[in-house]
Each structure stands twice: as C-alpha cells, then as structure tokens.
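Okay, thanks everyone for coming.

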Amino acid sequence: MSGSGLILAGVDGDRTWGLQDYVARGGYSALRKIISEKIPPETIIAELKASSLRGRGGAGFPTGLKWSFMPRSFPGAKYLACNSDEGEPGTFKDRDILRYNPHTVIEGMTIAAYAMGCERGYNYIHGEIFDVYERFEAALAEARAAGLLGQSILGSDFSFELFAHHGYGAYICGEETALLESIEGKKGQPRFKPPFPASYGLYGKPTTINNTETFASVPFIINMGGEAFLNLGKPNNGGTKLFSVSGHVNRPGNYEIAMGTPFAELLEMAGGMRGGRKLKAVIPGGSSAPVLPGNVMMDCTMDYDSISKAGSMLGSGAVIVMDETTCMVKALERLSYFYFEESCGQCTPCREGTGWLYRVVHRIENGLGRKEDLDLLNSVTGNIMGRTICALGDAASMPVQSFIKHFGSEFEYHIENKKCLVPPEVQYEGSQIYVRP
Amino acid sequence: MLEIEIDGKQVTVEDGSTIMDAATKIGAFVPHFCYHKKLSIAASCRMCLVQVEKAPKPLPACATPVTNGMKVWTRSEQAVKAQKGVMEFLLINHPLDCPICDQGGECQLQDLAVGYGGSQSRYEEEKRVVFNKNLGPLVSTDMTRCINCTRCVRFTTEIAGQMELGQAFRGEHAEIMPFVEKTVDSELSGNIIDLCPVGALTSKPFRFSARTWELARRRSVSPHDSLGSNLIVQVKHDVVKRVLPFENEDINECWLSDKDRFSYEGLNSEDRLTVPMLKQDGVWKETDWQTALEFAANGLRKTAKQNGPDSIGALASPHATIEELYLLQKFTRAIGSDSVDFRLRQSDFRADGFREGAPWLGMPISEVASLNRLFVIGSFLRKDSPLLAQRVRQAAKRGLHVSAINASAEEWLLPVKNRVLTAPSAIVPVLLQVVAALAAEKGVNAAEHLGAAIPATVSDEARAIAQSLASGRKVAVWVGNLAVQSEYASEIQQLAEEIARLTGGVFGVIGEAANSVGGYLAKAVPLVGGLNARQMLEQPRKAYLLLNAEPDLDFANPALAQTVLGAAPLVIALSAFKSPSLLAAADVLLPIAPFTETSGTFVNCEGRAQNFNAVARPLGDTRPGWKVLRVLGNLLEFEGFDQNDSEAVAAEALAEGSRPDLGNRLYGLEFKFAGQTAAGFERVSDVSIYAADPLVRRATSLQKTRDAKAPVACASTATLAAIGVASGARVRLKQGQGAAEVLIVADDSVAANCVRVAAANAATAALGAMCGEISVERV
Ligand SMILES: Cc1cc2nc3c(=O)[nH]c(=O)nc-3n(C[C@H](O)[C@H](O)[C@H](O)COP(=O)(O)O)c2cc1C
Ligand code: SF4
Ligand code: SF4
Ligand code: FES
C-alpha cells in the first residue's frame, strides 16, 4: 500500500516501517528540531491549538486544549498513554498506522511527553492484533538504540520511557479510564469522572490519553506548523484523517484524506459501490455513531462539523457502507449484540439496558416483534443515554435510535409480517452470508 | 466552605463534599444503592441521579463534587424520571419473589421500589439466573438477586483489607464471586450481609428462621473482645435469632466482627446449664437453687472455719460483667480472703502493687484515626481485636506508620513498615535496643530505673523502629495479648511506657477481653497480699469459686488448672455452660445467665463503661450471676449484699473515689530482666479467635470457619529442620508433665526456635503454660 496524505504518505506496505525509512521520509525531524532548538513546551501546545487537531479516538476533543490541562509543575510522576485499543466495529486504522508507520506514533508521543513533562508512556495495543504489538516493540527497540527514546534523548536532558502494553480484546478497555485501570492490572472498567485523568490518571498521577492517530499527526504539525496543518482541512477541522471504509464497497481499506473531502470522493476512492448497487445507509464514524441514509450522506463532507450537522458523528472515522441488500433490522441486531456483550457491567442502565435492547431487536428480527416494541426501544435508550458512567451506554443507544428513526418502516414491516423487507436471497447476494428465511 | 442549594434549601458544606454529603446534611434523602459512607465511591448503580443546574444530564449525587453556588434538585421531574428509569433497570432481571426471599421486609430494593418502581414490568424477555456461590459457613448467597452494587467487593478490599470478592465477567454476565475454590474467610465477613442492599448475601445461621417484623430489637454490648461493640440483638419468643451492629462511631462504627455477630449461636447450645447441679459421690444430680446455694454457702463456711479464709480463692473470666466481678470480689473479701483474680491467661503478675491504675488503651478508640506512628508489641492484632485492626488499617491509608514486634508475623492486611519477628523471650532485649536508639535519637537519657539494662549496641531493626517513632507527631505504643500473657509482661510494659515517654506518645494496653479494664475497676484482683490467678493454682486452695471459666480452656496453664481444680475439695462453679472439664472439677454447678439474659456492664479498652439489659428471659432456671452472688452473700449473712438491681451494683462498683483510675504507668517497679533462659524451643500461643470464651466456643457456625480449624503446631522451616521433622508430620508436644499430639507445619511467620500452638483448645489442653519451653518429638 502506498498512501497519500501525511501519515500514510510514502508508506509502502510492510517494507517501509523501519527507522531508516521513516527517517528517509523526514521522520524524527520534528523531535530533533524541538530538542536542538529547545522549543518551549508552551509553543508546542500553542502550535497544536493552532492546528485545530481534534482527537481521533472518537470524541474529537481538541488535542491542544487537552494537553494544556496537564499540570506541568506537578511534582512527581506524570504519564502519557496512547490508546491503540481500537475495538469499535468498523475501525481498523490504528493498527495500520502501528503496522506500517510505528515511528510516527513514537515520535508523536515523545513530543507530547516533552510538551507535558511526562516521564513514562504506555501504548495500549488491542489484544487481538499480536503482530502489531510485536512490530511496535521492534520499533521501540530501534528508537531506543538510536537515542530517540529513553534516557537523555538525543543527548539532551529530556528523558522519556515508552512501553507497549498488550490488551486482552475487551472493547471497553478503549475507554480511556478503563484503559488506565487495565494498565494498572485491574479489571478494565471505566472510572467515574471527575476527577479527570489530567489530575488523577494512571496510578493516581496526572495522565494524558490520546488516540494513536492523534499522536501520529503531531510530528507533521510540528514540521509544517499548526496553521498549515489546519489549512489542509477546513476551519475547526484541521489536517488529514484516516477513514476505515468497510462494507459494500469494491475496495475496503484505510484512506487518508483531507478533512472536508466530500463523502462521494471517499466512496469513489474505495472503488464505489460493490456490484454498482444502490447506497442505502452509511454509519460514518464507527458503530456507535448514528446511521445516516445514503442520500443524506452523499451531501456530506468528511469532517466533524458536516457529519454532526447531518445528525451523526465523525467518531473514529470508520465508514460502514451498506447497500440496498442490507436488512437494517439484522444490521442493528448485530450491533446491539456487540454492545450487550461488551458492556463492562458496572452501571445499571448499561448493564441491564444493553441486554434488553438486544433481546427486543433480536425478537423483532426473528419474527416475534410486537407493536409496542419500537416505542419501548426508544424509551429504553432514553433511559440509558446520559445516565451511565462512560459513553458506552450512549454508544449502544444511538444506533438503536437512529436505525428506528431512519428505517422505522423496515422495522414495522418486520413486526407486522414476521419477515425481512429485504428478501433473504437479496441479502445473500449482497453479503454472501447465509440469511435465515 | 461551599454554598449549595438543594431542593431550595441553602447549606454550607466543606470543600470536597459531594452532593450526597450536602443532601445528608439537610436531611434530604437521595435514593441510593452503591453509595455507602464508609466505602469508596463506585457511582455505578445510578440510583442517586439528581438534577443539577446547567448540567445537561442528571448527575450521580454520590460522586458529584459540590461547586460553589451549585443548585440541585433531588425530586424534580428530571431527577425522578432518571431515578425511576434506573429502578426499572434494576428490577428487570430481579426475581421479584420477595415473599420467599430472606431479605423480605428489610430490603433496600424492595423499599425503594415502592417509591420508584412501576406497578407492572415492561420487561418480557427472559430473566437472568446467576448460580450461587459458596462463601463459607457464615454468609449465604442468592446471587440472582444481586444488583451488582459492589458494596461487598469494596468492603472486603477496603475495610477487611483483602479482596476476597470480586465482580467477574462483563456486562449482564457480571457476577460477584470469591476467588476460584475460595470462600470469604475474613473475620469481618458478616458485614457484607448488612451492606448488601438486597437478599443476595444473607446470614447463613439466621437464614429463613424469622421475618424481621417478628423480631424484637434490643440493644446490647458484645461480651467478647476489649472493644465492646454495640449490638442490636433480635429476639423472637425469648430466643436470640440474630445480632446486628448498633452504630456507634466511637467504638464499632457501623461494623461488627464475626465473633460479635455470630457467637449468639452458642447461647442455645446443648451445653447450656439450665438447672443447678450437685455432685454427690462422683455422680451429678440436678437440684434446686436452694439446695445448691446452701451447699455452696455451707461448704465455704466450713472451709473458712477449718482451713482459714485464705484457703479460699476466686477465679473469674474477664468476660464476666462488672456486677459479677464486683460482687465476686466483695464476697470473697467478705469471707476474709484477698485471693481473687480475673486475669486467668496471664502469668506475670510482678507489676501488681506498682500500677498507677487499670491498664487500658491509653486513648479513645476513635483517636486511632489521628495517629501517625504506632508500635504494636506482642499482639495478634487482627484476630484479637478485629475492629481495632480495621481502624489501624484505615489510618495506615492516611499515613499512619505501623511498627510491630511479635513472635509471629501473622498477616494483618495492612502495611507494617517495620516488623521484628522474635521469640517471646527476646522481645525485651529488642525493646531495650529501641529504647537505647530512641534515647540517642532524642539526645536524652533513658529512664534511670532501666540504667544498666540499656544496651550499647543497637540492631538495624530496632533502630528503624526508633527512627519511625521518633519522627512521629502523634505516637502510640500498644501492648497486645501475647505480651500481656507472656512471662515478661512487666518488663515489656515498663519498656513500652518508656518508649512512649521518649516519643511523647501514649502507652496503651489493647486488652484481652470485654472486661479486661473492668476487672481492675471492679477490684477483682488481689489488693492486700492475696494470691493472683497463677499463685492460686501453684499454691492449691481448699475451695475455689469459679466464675464462667472452664479449667481446660480459660487458663494460662490448662494442665495445672485441671489438676489443681480437680483435686480441690470444693469447687463452686458459676457458669452458663457445662463442659467435661467443669463436670470433672466442680462440686456444684450454678447456672448463671449469659450476657443476653442478664443486665450488666462492660468497661472497654478505652475505659468506657457500657451497660446493657437482658434481651431475653433466662433459660430454664438460670439466674443472673450478680443475683446468685448476692444471695450467697445473704446466705453467709454478709453485709452489703442487699442491692435491688444490677444498676445498684454497678453504681457501687464504679463509684468515683472508691474504684481505681485508669492508668498504665508502673511506679517504683525495679527493672529486673533475667535474660533469655529457654534452652529448647519456646512456645508461642495465640488464643484463636473463636476459642477465647465459653460462648464463642459453642457458636456452631463460627466453629466451621477456617479460623476455627483444629490447631496445628507451626514452626519456621529452619526450626522444623532443627527438630528434624517434615512439614505435615505428626508430633508430640511436651511441656512438663503435659503432652499433646498434633500435626506440625512449616510457617515462616513464626519466629525462629519457636513453636506456635494455639491455646484454649481441647486438643492442646493437656499442655502447660502458654509461654515458656516446649519440646517436640516425632511420633
Ligand atoms: C466504549 C468506548 C470505547 C472507546 N474505544 C476507543 C478506542 O478503541 N480507541 C480510542 O482511541 N478511543 C476510544 N475511546 C475514546 C477514549 O475514551 C478517549 O476519548 C480517546 O482515547 C481520547 O483520545 P483522543 O482525544 O486522541 O481522541 C472509546 C470510548 C468509549 C466510551
Ligand atoms: S456505561 Fe456500560 S461500559 Fe460504561 S461504565 Fe457503565 S456499564 Fe461499563
Ligand atoms: S452481592 Fe449484594 S452487596 Fe454484593 S454486589 Fe450484589 S447486591 Fe451488592
Ligand atoms: S448511589 Fe450514586 S451511583 Fe449508586
């Protein structure tokens, strides 16, 4: 794969992940510049603010602002954590960044550590991608050997130790405070906030957590300047972003494009609709984002503001494309099952509610739906949303609400006729997966 | 301070308070399940959601910090909608079969469901079923009822000090469980029953035996350890069905040790003595009170006449009430004997006559929280005083540094910064080093009477303790049961006092039993040349009065006690229970009431006198002990035995001016430490937690716990090698004439050259003194 954009630019599959190639692509120049020019941390944070970089982990929180929350003068340990847990259905960008360009994450984290005065960092890597973990370890070893990581980086008095941490495949460990618990060796369960990690994080110390792609963008911002990065995209939506396109397209994969690129262009890059079929629906930001009808999506550009105006979220940038052969009830059943299985079980509305949602949707899909079920689903999601410790409760509810909102008639058809609106053979043709008649 | 408005009411709260704290302060009830004032905040049940001005969504009151000027509504439409939503979720998977649930009538879920639940369920899917867990003999489970509030998990982790329960699995599959194949063995485990808001964790002994509304609730005081936990005893038809904590922040907070909670099972044991009994020609016969009392009175009168009053001695349990102890000593003294004692497990009485007053903790229990240095000498703290240990555990989290010296390094489940593990006979030399190091540290001289004993060289261990204590702001030096029961008790106390003096701290005695302080106040000790508990056995008397003590289990030297009491011409035993050793030793058995069937008073370790009333009618012909002693006084026509009620006895006993004060100092006692003499192995004895008194020994469920396992001898790996036996071997322990066969196991928490073997157990009752030399032979 030879990418365009920034993070994937010049990357050529498995051949070019190493330090030498990264340096040849201009890698570690940002770190060198910072160290040799003794750039003050405030300047780095100002540059990030200017870049308008927003967290790539899902919530889209402005990264510069987040970094400025870290109490720089706090005596004692401060930590940095990279969130490579990437468990959200549809998302597969971080593992490619780590596999094909791991040094950009290491460099980004090192710069972040410099800017926030962290002495230790952890990269929490999803449990089911062990090869990526090994790749990252190898890159860490290279960086350490080259004096780019560890004690006295590049001969300066700045030191930063970075470690890879292997998760175990629980989606909830991607939630930043559950991730911290997991690193601490405890059961991965989100913490109640406040206190926020910036004041009480890993082992109770100030901690900043960012997504892999967020860190990977940092060296480019330092090199080209915050404003130039912003200008790649559009106001308030700086830079380029990776989109993991999956579903009924001809060439699923990761595409790094400038923020604000029309969805239609992204769809084209992904080879267009499979079999030339009609676009039915798109989940634009990973499984927790509300689904949008195809025609709405065709009018959107790929950035936080446009997608949010259309009623969904850019989230982690996982674009799930569904064509007309898709049964929306079945699609929702699959999603609801995911959240039911992945709830950590800590708080009541999510623990009890996700199972309730799944069971009702499952019933409808299996021809046992009742008239009042759609109202019930809306009411139950209403009782979950905004009342849980972490956002998984919302994430489980939004698909349900949006599927019913946009494709309610398909659900009603199911309930009344005890079968799919989309005939099983059509579904089979689209996905090549057996569908129970 | 922060200003907050809750439901229109203004209130000022301290910085760092939560909305729940503020609501509690103004008496507004916010429904909750996971929140508990003594546990960390989980914020997970979401029952406490309230509306907060400017917040887009309802926030959990238990976890949301108050900000200045905050406005909160706990009962607004938004708040109540959220609360009802959560209640619905809690109920969808709940069995809702309250009529067959043991928690029915005292269930927080049931109570709140009345206010917040719907009348009909919208949930028509399959309900979850969770398999029950075996948590041991005390706590019964019905896990399908669990609402995953994790109070029980947080209790074991935070209060009991060891995570014995956890929430395993995720989401709807989440289950509360112990570790694989493990039970909950904490000595505080029963508290999870109180904490569980539903019927998931209930009391195994109490299970299905009564409904809460059938039970009369009466206050009482625990008769076991020196803390004096406050109890609510629940009674149905004069039978104690259950014991719960009565919250007293100064003493037991809202907790109870399992011993306090479950010992009531012993009350109705088959061993209960319910009618007076007389032994005639070696045969026991039931009799009436009149006959029994006259027999006792005549026997005493005759003995005093024939052998002099000094030939009579009285031995009482430190678990007896003030009223019993006071009248016992008064009665004994009225006969003309000064030989009365309640310190049955002690063996060093050299400090008698030099005491400032009654040995006590030296400080209020609640002040443990403000200590920042603590030195615990010779104590099995966690098992001897579970709730005191719990307080130390909480204080340690806030920066209290604990140092300890003992012959056993048993796990206290709290951080011990400096720990010296040494044989009982070597405790004094180490303490001398600590004194030396402290004096050097502070640049002062050690007290004059220690003079020559102060060593020139100091070990690193002793110095570390001295340094820790010297850096303290608020220091306490506590002497525990092993120290008090040791042959060197007086030296240890002299040195503890000196260490406390050098650090400006307090010197305290933890105390063995409910009335360890009270016994002194009631003057149940020899005062004018009478014999102490040890002398009364070493110099056999002709007649003994025995109050609630069993010869084989309640004495420092059970072998000696059994022999001597067995041979005595007259033994009058006042007891709530019969036991083989009592039947063997006594000539008359007078059934007296256990603490639930009499009024009485205990003075706890902080010197607090706590009186209580009977909660049930005496069983059979049982009578309160104080009444029996009063009648004996009347029968012998003594003066001063005309009290109408126990209050009058207590008032007399504790009258200001006539009772001794509290005080730990030893005045004018020469420091005479002979040094280590033990040639072979030294015995280390603990009184295991459920063996300390006659009542708990008969509590059937407690007797099934791990703490009540048959005693084994323990010795370090090196000591085992020196003995020449393997761990798990059967050995014969010998002390003087006595011998016992037990298993011996390797345990490196026992000091070198020591063999730890529990006292107060039938299996070791043939052995001699709790401390001193012991030999081990392979069998
Ligand atoms: C249930 C749940 C799962 C999440 N999973 C991930 C994840 O896999 N990767 C990630 O970067 N962020 C994930 N997040 C978001 C993180 O909590 C956090 O906001 C993010 O890592 C912050 O990084 P950023 O500011 O760079 O986006 C998840 C959040 C929730 C609620
Ligand atoms: S919302 Fe769900 S996943 Fe998040 S803390 Fe609550 S139970 Fe766990
Ligand atoms: S067992 Fe009881 S205390 Fe423990 S989590 Fe369940 S409901 Fe809460
Ligand atoms: S009591 Fe506040 S969330 Fe449970």
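Let me start with a question: how many salt bridges does the rule find across the interface of chain B and chain A? The answer is five. Bear in mind that this is a predicted model. One of those pairs is E352 of chain A with R128 of chain B, whose side chains meet at 2.9 Å, N to O.

Polar contacts turn up here too: 20 residue pairs between chain B and chain A, both partners at pLDDT 80 or more. On the chain B side, α2 (77-92) and β7 (165-168) each bring in at least two residues. The biggest share comes from α2(B), with eight residues. By type, that side of chain B splits into 17 nonpolar, eight polar and eleven charged residues.

As for the overall interface, 36 residues of chain B contact 33 of chain A. About 2,900 Å² is buried between the two chains, and carbon and sulfur atoms account for 51% of that.

Now, over to a sheet in chain B. We have five strands in an open sheet, ordered β19-β18-β17-β20-β21, with parallel pairing. At the edges sit β19 (418-421) and β21 (506-509), each pairing on one side only. On average, neighbouring strands are turned by 15° against each other, ignoring direction.

Two helices pack on this sheet. Helix α12(B), residues 460-470, touches β17, β18, β19 and β20, and its direction makes about 145° with that of β19(B). Helix α14(B), residues 489-503, touches β17, β20 and β21, running at about 175° to the direction of β20(B).

Key: Residues numbered from 1 in each chain as written. Chains lettered and ligands numbered in written order. Predicted model: local features only at pLDDT ≥ 70, side-chain atom pairs only at ≥ 80, totals over all residues. Heavy atoms only, no water. Pairing = 2+ DSSP bridges. Helix = DSSP H or I, 4+ residues; strand = E, 2+ residues; numbered from the N terminus. Axes fitted to C-alpha atoms, helices over the stretch in contact; angles between N-to-C directions. Contact = heavy atoms within 4.5 Å. Buried area = accessible area lost by both parts, 1.4 Å probe. Salt bridge = Lys/Arg side-chain N within 4 Å of Asp/Glu carboxyl O. Polar contact = N/O pair within 3.5 Å; in protein donor to acceptor, adjacent residues only side chain to side chain. Nonpolar A, V, L, I, M, F, W, Y, C, P; charged D, E, K, R; others polar.
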